[in-house]
Amino acid sequence: MERIEPENADSNMATKVWSVTEFCSRHRLDDEEETRLLRLFGPFATACELLYNAKRAPKFR
């Protein structure tokens with residue numbers, strides 16, 4: 001971990017951090033998947049981590 005002073009940080013360094021619960025509700029993931037992601041990451045994770053690790057069952061017509 002490295003400390004970065006706010007005046008030296010640029011916008012490219014920022015990473016979007018999501019609440020796992022909010023991410024699951026926005027992406028319509030079921031409770032079982034939400035529980036799995038919470039065990040994996042805890043209450044917060046980056047958007048990239050969540051998108052790569054979320055599993056969603058296909059919905060056929």
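Entry 1, ground rules. I am working with a predicted model, in which local features need pLDDT of at least 70 and side-chain atom pairs count only at pLDDT 80 or more, while totals for chains, interfaces and linings use all residues. Residues are numbered from 1 along each chain as its sequence is written, and side-chain values use heavy atoms, with hydrogens and water left out.

Entry 2, salt bridges. I searched the whole structure for salt bridges and found two, taking the term to mean a side-chain nitrogen of Lys or Arg within 4 Å of a carboxyl oxygen of Asp or Glu. One joins E22 and R26, N to O, at 3.0 Å; the two residues lie four apart in helix α1 (residues 20-26), about one helical turn. I assigned helices as DSSP runs of H or I with at least four residues, numbered from the N terminus. E22 is partly exposed at 35% relative accessible area, whereas R26 is exposed at 56% (buried is under 20%, exposed over 50%, partly exposed in between, with a 1.4 Å probe and protein chains only).

Entry 3, E33. I then turned to R36 and E33, whose closest N and O atoms in their salt bridge are 2.8 Å apart, and which sit three residues apart in helix α2, again about one helical turn. R36 is partly exposed at 28%, but E33 is buried at 8%. Leaving out residues up to four places away in sequence, E33 touches N53, A54 and K55, where contact means heavy atoms within 4.5 Å.
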